[in-house]
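Hi everyone, thanks for coming.

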Amino acid sequence: MGDTPQRPNTPKPNVTKPNVRGLYIKTYGCQANVYDSERMRDVLKPLGYAPVDSAEAADLVVLNTCHIREKATEKVFSELGRLKDIKQAGGGVMRIAVAGCVAQAEGEEIIRRQPAVDMVVGPQSYHRLPEMIARLARKTGDALEIDFAAEEKFDALPAREVSGASAFLAVQEGCDKFCTFCVVPYTRGAEYSRGVDAIIAEARDLARQGVKEIVLIGQNVNAWHGAAPAHDPKGGEWRLGDLIRHVAKLGGVERIRYMTSHPRDMSDDLIAAHRDVETLAPFLHLPVQAGSDRVLKAMNRQHTAEQYLSIVERVRQARPDIALASDFIVGFPGESDADFEDTLALVKAAQFAQAYAFKYSPRPGTPASGMHLQVAEAVKDERLSRLLAAITEQSQAFNEATVGRRLPVLFSREGKREGQALGYSPYMQPVHVDDGAHLNNRIAEVEIVGATGTSLSGRLVAAEVTA
Ligand code: 5AD
Ligand code: SF4
């Protein structure tokens, strides 16, 4: 990757240490934003910025925003109002930056509506934050950076320092699918795959730092592809399945996941990886959005309900215990009662372990926002609650089926109760264990003793499976 990474902690002779400045990043939305926020911390560290717990304690506040639904965007403007008050109370010295997808989509509007905002930086431009901060100090130049240059961004990012046992690794950005409801192709730009060598170098570095689970992420992660590296005698092009097989061979990597996928890119090699690669978690997040072919067509999903179900069947043949997750939108323009019944029928046929359901939210600039026959809010509400009931029943059944089993759990956080640890099963179920404070960042074998629709409780079987 690009230049020699900067190592901010290495003392340099005759160089004054930068003043420590407080950095508060608030993250909204998807796992890509979680990854980007982490990388923004890395980019800002050499400038002396260190994380603090609140906006009040910060010299720089970054809102890393989400534009996917209207509610998410509204939250940003109300949070900016609150930050303006904090800034004023502190004498106006605090800097406010808006990053992420709202920055990309509504950059100029943000600057117009909230003059307390100092910088607006899109998801492909945050490596330029140091430059923007310098410009701000000199009071010169632009406060807006919203170019699309994913390649340049990845090359410019410094080495990562991680502390947890699980880490996201961005392998792909953007989307060329243009589902008619979705802002992602406009906010994150065209599909871009990072090169194999850069990904492997980052994965190896994560494993060296003690990471046990690598989550390959991208808006359309299974569209990832790249030229085979020089050491592969077969040559040609790698798809996501090849990348997974390779990451699985890196020492220290015990669990691999990837998200989020599109049914059109669920290729045979990826399905086969679920059969062959033991460390690939038996979990697949494959959004379907709707069960009616008419609605799927209007959404430009480029597949039918039957094609989706046939992919699910092939994945289950490869990995019978796979936990299938999905996303749904109810109340897409023109969705009739019969269309919605088709969605319920698809849910019944697919048997999901988890699913997210959203009411359709018209997004500016997307084709669906201008479609006739927008569905009434009350109808969306009713469909949402029926769909959620169906999904909850399935996740409850899936979770209950794991009671009595012994599963390796990757512990990543403290639980709500004193001494409790929270981790994830290979099926991505949250698992709580009492008296587990010592388990953090470890994988341990747990006997599952209880289940609800959303989580499991377990008892530690043996000492750690791995240190
Ligand atoms: N309205 C409602 N939900 C949406 N999603 C994406 N765009 C919209 C929208 N305009 C949902 C989809 C997607 C998930 C990340 O968000 O289900 O898979
Ligand atoms: Fe949005 Fe569709 Fe691309 Fe997913 S595949 S990011 S829903 S346009």
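Let's start at ligand 1: one of its oxygen atoms sits 2.8 Å from a polar side-chain atom of R69. I'm calling that a polar contact, meaning a pair of N or O atoms within 3.5 Å; within protein, one must be able to donate a hydrogen and the other to accept it, and residues adjacent in sequence count only if both atoms are side-chain atoms.

Before I go on, a word on the source: this is a predicted model, where local features need pLDDT of at least 70 and side-chain atom pairs count only at pLDDT 80 or more, while totals for chains, interfaces and linings use all residues. Residues are numbered from 1 along each chain as its sequence is written, chains are lettered from A and ligands numbered from 1 in the order in which they are written, and side-chain values use heavy atoms, with hydrogens and water left out.

Back to ligand 1. The side chain of D327 has an N or O atom 2.6 Å from an oxygen of the ligand, and a polar backbone atom of F181 lies 3.0 Å from a ligand nitrogen. How much of ligand 1 does the protein bury? On its own the ligand exposes 410 Å², and 88% of that gets buried by the protein (accessible areas by the Shrake-Rupley method with a 1.4 Å probe; for residues, only the protein chains shown count as cover).

The shell around ligand 1, meaning residues with a heavy atom within 4 Å, also includes Q289, Y360 and R363. Strands β15 (323-330) and β16 (354-359) each give at least two residues to that shell; helices (H or I, at least four residues) and strands (E, at least two) are DSSP runs, numbered from the N terminus.

What surrounds ligand 2? Among its neighbours are C175, C179, C182, H262 and R301.

Now the helices. Helix α9 (residues 268-276) packs against helix α11 (residues 305-318) at about 35 degrees, with the axes 7 Å apart. Axes here are lines fitted to C-alpha atoms, for helices over the stretch in contact, and angles run from 0 to 180 degrees between N-to-C directions. On the α9 side, D268, I271, H274 and R275 meet R314, V315 and A318 of α11, where contact means heavy atoms within 4.5 Å.

Finally, α2 (residues 70-89) and α3 (residues 100-113) pack at about 35 degrees, axes 12 Å apart. T73, V76, F77 and L80 of α2 touch V102, E106, I110 and R113 of α3.
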